[in-house]
Amino acid sequence: MSFMDYAPAPESTGILNLNEHYGLFINGKFVAGRGENFTSISPATEAPIATFSTTTEADVDVAVRAARSAYDSVWSKMSGADRGKYLFRIARLIQERSRELAVAETLDNGKPIKETRDVDIPLVAAWFFYYAGWADKLDFAGLGANPKSLGVAAQVIPWNFPLLMLAWKIAPALAAGNTVVLKPAETTPLTAMLFAEICQQADLPAGVVNIITGAGETGKSLVNHTDINKIAFTGSTAVGREIARAVAGTNTKLTLELGGKGANIVFDDAALDQAVEGIVSGIFFNQGHVCCAGSRLLVQENIHDEVMDRLKTRLSTLRLGDPLDKNTDIGAINSREQLDRITALAAQGESEGGERWSPVCDIPAKGFWFAPTVFTGVSPSNTIAREEIFGPVLSVMTFRTPAEAITKANNTPYGLSAGIWSEKGSRVLAVADKLRAGVIWANTFNKFDPASPFGGYKESGYGREGGLSGLAAYLEGGAA
Amino acid sequence: MSRLAVPKTYKLFIGGKFPRSESGRVYEVNSVAGEFVANAAQGSRKDMRDAVVAARTAQPGWSGATAYNRGQVLYRIAEVLEGRKAQFVEEIMLVEGSSAKEAAAQVDAAIDTWIWYAGWADKYTQVAGQANPVSGPYFNLSVPEPTGVVGAIAPQSSGSLLGLVATIAPILVSGNTVVVVPREDAPLTAISFAEVMATSDVPGGVVNVITGSPAELAPWMASHADINALDLAGAGNLDWASLQIAAAETLMRTLAPVEGIPASSLNRITAFTEVKSVWHTKSLI
């Protein structure tokens with residue numbers, strides 16, 4: 001250890017009080033699933049954390065019935081003010097247990113504790129606070145007086161922001177008066193089950209929130225259940241397509257948050273050190289497991305070399321390793337499967353002519369890891385410029401004029417996010433107008449807030465989560 | 001001796017021009033009593049593709065026009081339509097078998113619908129957009145924008161002119177361009193309406209009208225990768241579940257069929273928009 005290195009500063013897992021096994025959370029109780037148990041491991045160590053029940057089709061039916069019954073007899077009849085109070089309770093309990101949730105999330109997902117502690121969990125609480133306040137103000141949602149809730153929502157979420165995605169789904173659904181059946185990702189079910197405990201602590205009426213664990217088959221059974229009024233899915237474009245086909249010809253409302261291949265555009269008049277920070281947070285935040293990641297860097301040709309020098313210098317200071325260490329910047333890849341995919345796509349990037357670079361960094365012996373990787377000399381037709389990698393891999397391309405930057409940025413079937421770096425406000429606004437993406441970050445990147453709608457254009461899906469649009473998505477008369 | 005009438009040749013409307021179908025096909029349009037009225041062009045897949053190219057080409061200009069300008073152009077259509085009321089009344093009576101009073105009421109309703117939507121062009125973003133109070137030093141706005149090129153099936157058993165107008169007006173308000181299949185058995189008003197648009201400052205390609213069979217044309221629309229959204233307003237008698245299944249391939253937005261004429265609503269405007277949230281940093285001072 002040189003004098004420049006930091007001593008290890010791991011967050012203790014002593015705060016956790018986990019069960020060895022978690023059943024399904026249906027109708028306010030933990031019950032055994034009829035499927036086989038599966039184990040969730042820590043991707044940083046490959047050590048098992050706990051076992052979880054697989055939900056069978058019959059179990060899904062029980063969960064949906066519980067949600068329907070709670071909707072009919074309790075939740076749809078309760079005053080908005082009382083629904084709001086339950087959500088405020090939940091928000092407060094999340095704040096009170098935030099350290100525990102952060103540690104559990106880092107353990108199960110592999111992302112650095114500084115992210116779960118400072119980003120994920122505070123946003124989870126903020127999401128519940130924001131929507132709690134909407135529950136008794138639905139008349140102001142712009143859908144006329146007394147807008148109606150939809151009924152039972154089926155919600156399927158990914159592994160990249162496990163508890164945050166749960167909050168994005170459950171908070172607006174409950175505020176609007178719906179009940180839910182939610183399936184967390186197979187590799188990250190832990191915090192959803194801690195959330196189920198929080199629902200019990202908040203004395204939330206039984207059946208309003210039901211959480212069922214399992215793999216893709218469970219999700220399929222859930223979204224194909226015939227007594228569902230709303231489906232909200234965050235995940236891959238391929239599965240999103242399947243769900244869109246499954247609801248064809250029905251009245252089921254659908255919100256899809258799918259893949260992305262976000263362009264991060266750096267103009268030559270940008271504040272370069274800030275832009276470099278933005279490039280880093282754009283693609284290396286959460287190991288690049290971010291659907292709105294800035295995975296394509298479009299840098300103006302005349303500053304390409306300088307930006308690359310500064311970026312490489314900055315990347316060389318990032319610390320990869322134990323996610324529970326408070327100094328860690330880059331955590332573990334969530335699963336072996338995802339690591340294999342990233343590895344294969346990066347190899348393809350090389351074989352198609354991209355120039356590959358990674359900082360020198362020690363890769364731990366156990367667990368799933370991928371060093372931050374930058375490809376320069378990428379052409380727009382290369383696989384790594386077109387396909388979502390969902391990992392810490394940046395594809396760098398250049399442009400000369402704003403028009404060329406816009407054309408290249410929009411040259412993708414996706415349309416989730418984009419970044420613009422320039423000190424010239426008029427240019428930023430003009431470029432923002434022309435980018436076909438649902439979220440544009442100007443001189444910042446990867447910022448989220450419950451008040452700000454989030455969602456995609458084109459094959460990145462439809463419907464919005466967050467803000468007023470995110471509320472309307474769970475009300476009659478609202479879009480999607 | 002009475003004057004010999006000059007019948008009109010009804011063609012397609014693509015990119016501001018009036019071509020015949022590339023397929024060379026026509027079909028007979030008859031009166032309610034079964035008498036021949038005119039031939040209409042039987043649009044084909046290639047006509048549809050040409051229309052999508054025209055719509056895509058026109059889209060940046062139309063959505064890039066100021067909202068005030070779009071509102072004026074849409075209002076101008078209503079003005080020109082008002083002046084040609086008699087022609088539409090005649091076509092509606094002839095083909096739909098309406099009384100003079102019913103036909104006039106339909107044309108009036110079409111004009112008024114058009115005016116209602118024209119006025120939304122410079123207002124819908126204010127009503128449907130938000131300033132978002134995010135927790136941090138950021139300026140954050142969410143604004144609805146046009147989704148792009150929209151394919152539409154106009155109502156197939158309600159008033160042919162009103163159904164067409166109530167379908168395409170809300171699509172156009174935000175800056176989308178449209179390829180529309182009008183009512184199959186009463187397509188004449190749609191082509192006459194295209195003549196109104198051609199003389200009302202509507203840029204070529206903003207509205208494209210393909211007469212013919214919705215059952216034949218809708219699947220090509222639903223599987224066209226350069227159409228962003230599909231309005232199935234008049235597709236109630238088609239296998240619209242299959243159309244939605246085809247549309248899912250590109251995550252094309254779809255709006256389900258309606259009974260009769262689509263009601264005028266802000267929702268029909270926002271259904272063909274995308275909300276864009278823009279964050280901009282505020283400096284610390």
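**View 1. A salt bridge links Arg464(A) and Glu274(B).** The closest N and O atoms of Arg464(A) and Glu274(B) are 3.7 Å apart; a salt bridge here is a side-chain nitrogen of Lys or Arg within 4 Å of a carboxyl oxygen of Asp or Glu. Across the interface of chain A and chain B, the rule finds two salt bridges. This is a predicted model, where local features need pLDDT of at least 70 and side-chain atom pairs count only at pLDDT 80 or more, while totals for chains, interfaces and linings use all residues. Residues are numbered from 1 along each chain as its sequence is written, chains are lettered from A in the order in which they are written, and side-chain values use heavy atoms, leaving out hydrogens and water.

**View 2. Chain A meets chain B.** The contact (heavy atoms within 4.5 Å) takes 40 residues from chain A and 32 residues from chain B. Together the two chains bury about 2800 Å², 53% of it on carbon and sulfur atoms; buried area is the accessible area (1.4 Å probe) that two parts lose on being put together, summed over both.

**View 3. Strand 17 of chain A runs parallel to strand 10 of chain B.** Four bridges join these strands, and strands pair if DSSP finds at least two bridges between them. Strands are DSSP runs (E, at least two residues), numbered from the N terminus. Look for Trp441(A), which stands opposite Trp279(B) in strand 10 of chain B.

**View 4. Strand 3 of chain B pairs with strand 4 of chain B.** The pairing is antiparallel, over two bridges. Here Gln130(B) stands opposite Ser142(B).
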